[in-house]
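Please look at the sequence and the structure shown here before reading on.

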Amino acid sequence: MRDVYLIGCGMTKFGEIWESSFRDLFVEAGLKAIKDAGVDHLDSMYVGTMTSGLFVGQEHVGALMADYLGMAPIPAVRVESACCSGGLAVRMGFLDIASGNSDIVLAGGVEKMNDGADVTFALSTAADQEYECYHGVTFPGLYAMIARAHMDRYGTTRDQLAQVAVKNHFNGSMNPNAQFPRKVTLEQVKNAVLVADPLTVLDSSPVSDGGACVILASEEVAKKLQKPMIKIIGSGVATDSLALDQREDITALNAVKVSAERAFKMAGLKPTDIDLAEVHDCFTIAEICILEELGFAERGKGGLFTEQGHTALTGKIPINTSGGLKSKGHPVGATGAAQIVEIYEQLTGKSGERQIKNAKIGLSQNMGGSGASSVTHIFSLM
Amino acid sequence: MPSPRYRREMPQRYRLEAGKCKGCGKIFFPPRLICNKCGSEDFEQVVLPENGKIVTFTIIRVAPAQFEAEVPYAIAIVELENGVRITTQVVDCDTEKLEIGNEVKLVFRKVQEEGKTGIILYGYKAVLA
Ligand SMILES: [Zn+2]
């Protein structure tokens, strides 16, 4: 396999972006990434979107975006794996270059969630339609059941869940692209409107519009363009059952664990080698479980680890310096690519007030559904 | 929901029919064509027990359109007496008093309806035992 480098990135502001259409959001992010990388052409592109058909009635997204990006007739592939569509699009771009098939690839994602669709229903299609959704299960409901089981088994507290939101909103308050760049307090999170007990609206990521793209290139291209050498040193994907009830341990996210093990093995690294990580905090409990699966915290201790401040900007492993899905926003198809935008900016020293000093190795972890698919990438400043 | 799709799941929703792997004995609900434990494609049909207990649960307060009239409602993962877990609503109870470990029994109920003129969709729900 050839080495693959990240040479540029771009994203739209996340939020309720009434002025931009579904296609505009992707093209805006794509053009920013192309200009940032300084490339004059693409060999192929990968577009992640979870359910544009339900959100805006549009499928056949690969060709649409290639055309509106002015890149047709290049090969363009739409990638779908629920909320990790964007991360998986980057994975496909990585494989395309690693295989020697392409030298310059655009990979990213987009979602337009605020155009009037039944968002709760659209998101629930990532769960088991016949045996979860049929009974009225929602996504907040699935994570709420994980949360309650985690609290029951490990003693994770309501405050510890809220601390994830407080920390991520603090980070997001310094991110100009964030949907909710404002701080929240522990009391505000706990006393917010319940969505699915014990999770409140402030334990949940918002409904967002947005796009994010990265440009990947072979070593030869990256050197010729004289870009900072950010290498993808690890890439792993894994799957699990769509239905939560089919898993042996309801508090475990095995796909996250396995995707990370694969990425760590490829990189020849261990969790303590990572300087910062962007992880899939669609709900506060998700970040706590992911800390455990990635090996940053011991099993059952993700809440305590958060409470002790280890995941803060000043902690031993800063998590979600961008504000995460929680504060930055979660346009589902774009999220995985936006996580990588943050890692790229951190590793190239462009993160302003929230910059982690001397960050050399960053990890991104993007997850689909209640954890049925996960993509983990590890990036290194060479 | 298109009727063929609904009809196909009737044996599970109406009669709790599951598939037991003849290779290793693992029971699948819903039934599958291949066992994820031993790889066998040989199954016998078994019926799930109606009694079990709550493994975890939540109270849904924001629901998709077809369940909006029912909020708040409880959803649980129930472990049945033979170890099989299913996801179901828990009804006829004070949802605020539910706890992990509560003993429940599956009963046959209306689950949804298909708009004003469509079919009524049935299935299992749990009640406190
Ligand atoms: Zn078997």
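## A salt bridge between the chains

B:Arg13 and A:Glu130 form a salt bridge, in which the closest N and O atoms lie 2.9 Å apart; the term stands for a side-chain nitrogen of Lys or Arg within 4 Å of a carboxyl oxygen of Asp or Glu. Across the interface of chain B and chain A, 3 salt bridges are found by this rule.

This is a predicted model, in which local features need pLDDT of at least 70 and side-chain atom pairs count only at pLDDT 80 or more, while totals for chains, interfaces and linings use all residues. Residues are numbered from 1 along each chain as its sequence is written, chains are lettered from A and ligands numbered from 1 in the order in which they are written, and side-chain values use heavy atoms, with hydrogens and water left out.

## The extent of the interface

The contact (heavy atoms within 4.5 Å) involves 36 residues from chain B and 29 residues from chain A. Together the two chains bury about 2900 Å², of which 55% is on carbon and sulfur atoms; buried area is the accessible area (1.4 Å probe) that two parts lose on being put together, summed over both.

## A sheet in chain A

Chain A holds an open sheet of 9 strands with mixed pairing, in the order 3-2-4-7-1-8-11-10-9; strands (E, at least two residues) are DSSP runs, numbered from the N terminus, and two of them pair if DSSP finds at least two bridges between them. Strand 3 (76–79) and strand 9 (276–278) of chain A stand at the edges with a single partner strand each, so one side of each has no neighbour in the sheet.

Strand 9 of chain A runs parallel to strand 10 (residues 361–368) of chain A, and 3 bridges join them. Within strand 10 of chain A, A:Leu363 is the residue that stands opposite A:Ala277.

Terms used:
Helices (H or I, at least four residues) and strands (E, at least two) are DSSP runs, numbered from the N terminus.
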